[in-house]
Amino acid sequence: MMILLQLAVLFLFLELGEGFVMITKLPVPGCIAGMVLLAFSLKFRLVKPEWIAEVSDFLCANLGFFFIPAGVGVMKCFGIIKAEWIPIVMATVLSTAVIILVTGWTHSLTRRLYHRHSTKKHSIND
């Protein structure tokens with residue numbers, strides 16, 4: 001019975017995300033918005049981790065299983081992949097490089113902002 005309640009909490013956030021996207025017309029998948037809402041709810045302690053721990057552990061432990069349909073879909077498209085492998089590889093390499101650069105830049109900016117904030121906080125307290 002506990003697993004059903006935990007699944008209900010996860011599905012509630014899925015539906016909240018879907019509703020949020022539908023109302024705001026954001027170009028974001030509803031499931032992603034739901035995950036963000038769940039993350040904020042966990043951060044601000046509106047949802048306790050133990051409310052979803054067991055089902056979350058199960059889903060994470062079996063994550064590979066959920067990639068099987070995508071893998072089968074890719075296997076069905078080998079003809080397209082074979083014909084277009086150069087643009088696919090180039091797009092993969094380019095997007096990976098952009099992601100690494102943006103992540104590094106974001107991390108650097110966040111550290112600088114955090115350092116400024118923490119030094120201001122210490123100078124005010126002195």
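I started with a side chain: a polar atom of Gln6 lies 2.7 Å from the backbone nitrogen of Val55. I note here that the model is predicted.

**Gln6.** I looked up where Gln6 sits, and helix 1 is the place. Is Gln6 buried or exposed? Gln6 counts as buried because its relative accessibility is 3%, and the cut-off for buried is under 20%. Next I listed its contacts, leaving out residues up to four places away in sequence. Gln6 touches Glu50, Trp51, Ile52, Ala53, Glu54 and Val55.

**Ser41.** I then turned to Ser41, which lies in helix 2. Its relative accessible area is 10%, so I logged Ser41 as buried. Which backbone atom lies 2.9 Å from a polar atom of the Ser41 side chain? I found the backbone oxygen of Leu37 there. Beyond four places in sequence, Ser41 is in contact with Phe13, Leu46 and Val47.

**Val47 and the core.** From Ser41 I moved to Val47. Apart from neighbours within four places in sequence, Val47 is in contact with Phe13, Leu38, Ser41 and Leu42. I checked the largest nonpolar core next. How many residues make up that core? I have 5 residues in all: Val9, Phe13, Leu38, Val47 and Ile52. Phe13 and Leu38 are on the Val47 contact list, and both belong to this core.

**Largest pocket.** I looked up the space in the largest pocket and noted about 360 Å³. The lining takes in Leu7, Leu10, Phe11, Phe13, Leu14, Cys31, Gly34, Met35, Leu38, Ser56 and Leu59. I sorted these lining residues by type: 9 are nonpolar, 2 are polar and none is charged. Which helices each supply at least two residues of the lining? They are helix 1 (2-24), helix 2 (30-43) and helix 3 (53-61). Helix 1 gives the most, with 5 residues. I also compared the pocket with the core.

**Positive phi.** I looked at backbone angles in the loops. Most residues other than glycine have a negative phi. Lys25 is not a glycine, yet I noted a positive phi of about 60°. Lys25 lies in the loop between helix 1 and helix 2. I logged Lys25 as exposed because its relative accessibility is 69%, and exposed means over 50%. Arg45, also a residue other than glycine, has a positive phi near 60°. Where does Arg45 lie? I placed Arg45 in the loop between helix 2 and helix 3. Arg45 has a relative accessible area of 74%, so I wrote it down as exposed.

**Ile32.** My last stop was Ile32, found in helix 2. Its relative accessibility is 35%, so Ile32 counts as partly exposed. I took its C-alpha distance to Ile81 and got 28 Å. In sequence, Ile32 and Ile81 are 49 residues apart.

How values were computed: Residues numbered from 1 in each chain as written. Predicted model: local features only at pLDDT ≥ 70, side-chain atom pairs only at ≥ 80, totals over all residues. Heavy atoms only, no water. 1 Å grid on protein atoms, 1.4 Å probe; cavity = no way out; pocket = protein on both sides within 12 Å on 5 of 7 lines; lining within 4 Å. Points joined across faces, edges and corners; volume = space filled by probe spheres on them. Helix = DSSP H or I, 4+ residues; strand = E, 2+ residues; numbered from the N terminus. Nonpolar A, V, L, I, M, F, W, Y, C, P; charged D, E, K, R; others polar. Core = buried A, V, L, I, M, F, W, Y, C linked by side-chain atoms within 4.5 Å. Buried < 20%, exposed > 50% of the residue type's maximum accessible area, 1.4 Å probe, protein only. Contact = heavy atoms within 4.5 Å. Polar contact = N/O pair within 3.5 Å; in protein donor to acceptor, adjacent residues only side chain to side chain.
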